[in-house]
Amino acid sequence: ATHTAMGMIAPGMSDNITRFWHTWGPERATQLWQFGSQAYQYLVQTATALGVQPVLGNRYRLITSQPELVEARKAATHFQDAGIDTDLIEANIAEFGPFTQRVLGIQHEKMGAGYIDIKSLCRQLRQDLRRTQIIDRVVQWRPHANGILCVTAAGVEITAEIVVLSSHLAI
């Protein structure tokens with residue numbers, strides 16, 4: 001988290017599961033989605049323990065074009081195959097409000113989503129946690145004693161209890 005982040009939090013990944021399914025296949029896509037879901041749950045628990053209460057709700061993807069609807073239908077199948085509770089709503093969309101005039105479908109990912117006050121979270125983390133920021137590329141990580149051992153491209157070894165990895169589709 002950085003003080004400039006907007007604060008939206010959600011389980012899984014920001015891209016639809018179809019992108020990961022296509023890139024990595026069913027097993028790896030499911031593992032990545034589950035990892036994102038576990039990270040979300042851990043973030044909610046950690047923030048709450050630090051006194052920063054997230055505002056939790058639902059995550060909806062509004063489908064506004066035919067190509068998106070085709071992808072959302074594939075995603076619904078992939079989510080079902082992965083055992084992840086998600087609905088694709090294509091009927092009675094007007095019930096969601098007047099903003100739905102151009103909406104062809106709504107993908108409801110039932111794992112939740114929310115908002116967290118990033119500035120408050122960063123302030124609490126600075127006060128309560130000892131941290132190390134790695135500016136080098138991590139080339140290896142593995143379980144080690146009471147944490148995780150990270151080895152950078154420069155050969156620096158760092159042991160940590162928590163490691164935050166950031167990536168897009170190139171994992």
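These legends describe close-up views of salt bridges and cysteines in a predicted model.

**View 1. Arg 61 and Glu 109 form a salt bridge.** The N to O distance is 2.5 Å. This pair links distant parts of the chain, 48 residues apart. Arg 61 belongs to strand 2 (residues 55-63), and Glu 109 belongs to strand 4 (residues 105-115). Both Arg 61 and Glu 109 are buried.

**View 2. Glu 90 and Arg 73 form a salt bridge.** Their side chains meet at 2.6 Å, N to O. Glu 90 sits in the loop between strand 3 (86-89) and strand 4, while Arg 73 sits in helix 3 (residues 66-82), so the contact ties together parts 17 residues apart in sequence. Glu 90 is partly exposed, at 38% relative accessibility. Arg 73 is also partly exposed, with a value of 38%.

**View 3. Arg 19 and Asp 15 form a salt bridge.** The N to O distance here is 4.0 Å. Arg 19 is partly exposed, with a relative accessible area of 38%. Asp 15 is buried, at 17%. The count for the structure comes to 7 salt bridges.

**View 4. Cys 122 is buried, and so is Cys 150.** Cys 122 has a relative accessible area of 8%. For Cys 150 the value is 3%. The structure holds 0 disulfides.

How values were computed. Residues numbered from 1 in each chain as written. Predicted model: local features only at pLDDT ≥ 70, side-chain atom pairs only at ≥ 80, totals over all residues. Heavy atoms only, no water. Disulfide = S-S within 2.5 Å. Buried < 20%, exposed > 50% of the residue type's maximum accessible area, 1.4 Å probe, protein only. Helix = DSSP H or I, 4+ residues; strand = E, 2+ residues; numbered from the N terminus.
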